[in-house]
Amino acid sequence: MMNPENYLILAAILFSIGAVGVLVRRNALVAFMCVELMLNATNIVLVAGSHIHGGLDGQVATFFVMVVAAAEVVVGLAIIVSIFKTRRSTSVDDANLLKL
Amino acid sequence: MTVLEFAAPVLEWRALAPILLVLAAGCLGILLEAVLPHHLRFVAQMSLVLASVVLSLAFLVINWFRGISGVLAMGSITLDGPAYFLWGALLVFGALAFMVFSERRVNGGVTAFAASAAAVPGSVEEAESARAGREHTEVFPLGLFALGGMMVFLAASDLITLFVALEVFSLPLYLMCAMARRRRLLSQEAALKYFLLGAFSSGFFLMGIALLYVYSGSFDLAAIHDAVTASVFGEGLLIAGLALLGVGLLFKIGAVPFHSWTPDVYMGAPTPVTGFMAICTKLAAVGALLRVFYVALDGERWTWQPLLAIIAVLTMVVGITAALTQTDIKRLLAYSSIAHAGFILTAVVGASQIVPAGQATSAASIMFYLAAYGFATIGAFALVTMVRNPAGEENGLAGWAGLARKNPAVAGLMALFMLSFAGIPLTGGFIGKWAVFTAAWRGGYWWLVIVAALASLVGAWFYLRVIVVMFGQEPAKGTFVGSASAWTWIPVVIGAVATLWLGMLPDSVMQLATFAGTFLR
């Protein structure tokens, strides 16, 4: 059996890739996918925690995270599509009207 | 081993009625959208919203009188004094905000929300739906879902409920931000920014939850408290989890350095929605922050107190210095709300929970502060919707010049709310500031109180600037005060009366907040 700490390290790496991705990528869709990567890294932590503690709580929590992530996609894509239809661009750099 | 053993959850229907009513009315509202013809929807939705909130408030009061409390819904919601007080405040502010949602006269017979949010701005479809007098009455059920989510959020006693509630109230808010009737590009941009940053912060929030789970083996706040006290293993996990969870909560409160969404979103969102967000989101997030940090992470307070103290200082300083240079009233109020988040955080840092009888704890002083801040905020944003130019709302401060000569009532009431924000005596804001500073002082953070007092002194300057612009300058051309219906005036008048009442006779509300006491573990 592998040491469960390895899963935490894997999750930390994925989470960091996601967080850096949100900060550096300019496309709203890609940035949003990076957020999803962060959520999935969390799922790994939850399942690993469930294994460490020998309970099912963490695994059940994973389902909640998945459902919430799906709901977030619905709302997020609605917003990104509507702004794309208006501007023909999903770049977050083009959305700059609110800077004063 | 029988894996498929299933025990039906036990729900305390009566105690949970305030939440269930609000959420059920939200579901019913969606159904009404599907079955009612266009011209009936507005009245039906509006009546449903107000009826459900009033009924929910009635249940809340009765339950509190009967002293119903405890951990409910299979250990996922804690109903205690602070939960009662904050739920009541949320419902009152929610009802007032929904009244501003219903305002139509000032906009020329339609609400402030887009005729068709899905149509491209400037397109034929948009013009057609505007001509047909369509309105997005979906904002009412969305608002109810947001309100219900906030109520669960501040009472959640396990971290999974906390996370789900966070999303339940955030997702409708993202959509409501995108629904302005005028200046739709700004509105959509605000929604995009709010959504991306909100999703980003909820990623951190969730990672914090997961790490706390790995540390303690439970999502339950009380169990985490026991684990922190017993300090089983992995201090690193605990501190990382605490910090990441804190990031998510501080983002919703709008504390520096997690504030960057606030001015853009407050400015781009439809003003009634901004008013709703400005107080209700802040109130729910502060409630949840208090619960998580005082109930679950109390044993770790030597770690988070200094960190939060630094964030409180940054929040006050950045909020106030940025507000000094703003030329847009909604942006100014956004930075002001950041500064107020800093003042609230001073009492959170103080964490004085055991106090002499009759004195206010940190939680009680923060609850009073939120009540005073909320009435002024609701009133101020309702007044912002009334100052107009031919194209729509006039948000530029230059357009507000000499407003007192055009409409002394509007200018005078705005001045009252500004004085309350600034913390001038005889307004609710003064007593609120006094209470939170006392709590911080008692907690041993006297230097933080001095910084906060200096900050609020500097902050008074930009609130006074708004008053000087309205009363001391020549009237600006092209700006006028729109004639609003009772739906705007009721929140404004209630806000003004409550601001004065909380300033002159604060005892009753202060006693209620003190009676609400501390959090149940």
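The model is a predicted one, in which local features need pLDDT of at least 70 and side-chain atom pairs count only at pLDDT 80 or more, while totals for chains, interfaces and linings use all residues. Residues are numbered from 1 along each chain as its sequence is written, and chains are lettered from A and ligands numbered from 1 in the order in which they are written.

Let us begin with chain A. Its secondary structure consists of three helices and zero strands, giving the pattern α-α-α along the sequence. Here helices (H or I, at least four residues) and strands (E, at least two) are DSSP runs, numbered from the N terminus.

What about its overall form? The C-alpha trace of chain A spans about 50 × 25 × 20 Å along its principal axes. Its radius of gyration is 17 Å, whereas a compact globule of 100 residues would have one near 13 Å. That radius is taken over C-alpha atoms, and the globule rule is 2.2 Å times the number of residues to the power 0.38. Of the 100 residues of chain A, 33% count as buried. A residue is buried if 20 or more other C-beta atoms lie within 10 Å of its own, exposed if 12 or fewer, and partly exposed in between, with C-beta atoms placed from the backbone.

Now look at where the two chains meet. In chain A, 38 residues are in contact with 38 residues of chain B; contact means that the C-beta atoms of two residues, placed from the backbone, lie within 7 Å. Helices H1 (5-24), H2 (28-53) and H3 (57-87) of chain A each supply at least two residues of the side that touches chain B. H3(A) gives the most, with 16 residues. By class, this side of chain A has 26 nonpolar, nine polar and three charged residues. Ala, Val, Leu, Ile, Met, Phe, Trp, Tyr, Cys and Pro count as nonpolar, Asp, Glu, Lys and Arg as charged, and the others, Gly among them, as polar.

Between helix H9 (235-253) and helix H10 (261-268) of chain B lies Pro257(B), and the peptide bond from Val256(B) to Pro257(B) is cis, with omega near 5°. Ala73(B), in the loop between strand E1 (70-72) and strand E2 (77-79) of chain B, has a positive phi near 50°. Ala73(B) counts as buried because it has 22 C-beta neighbours inside 10 Å.
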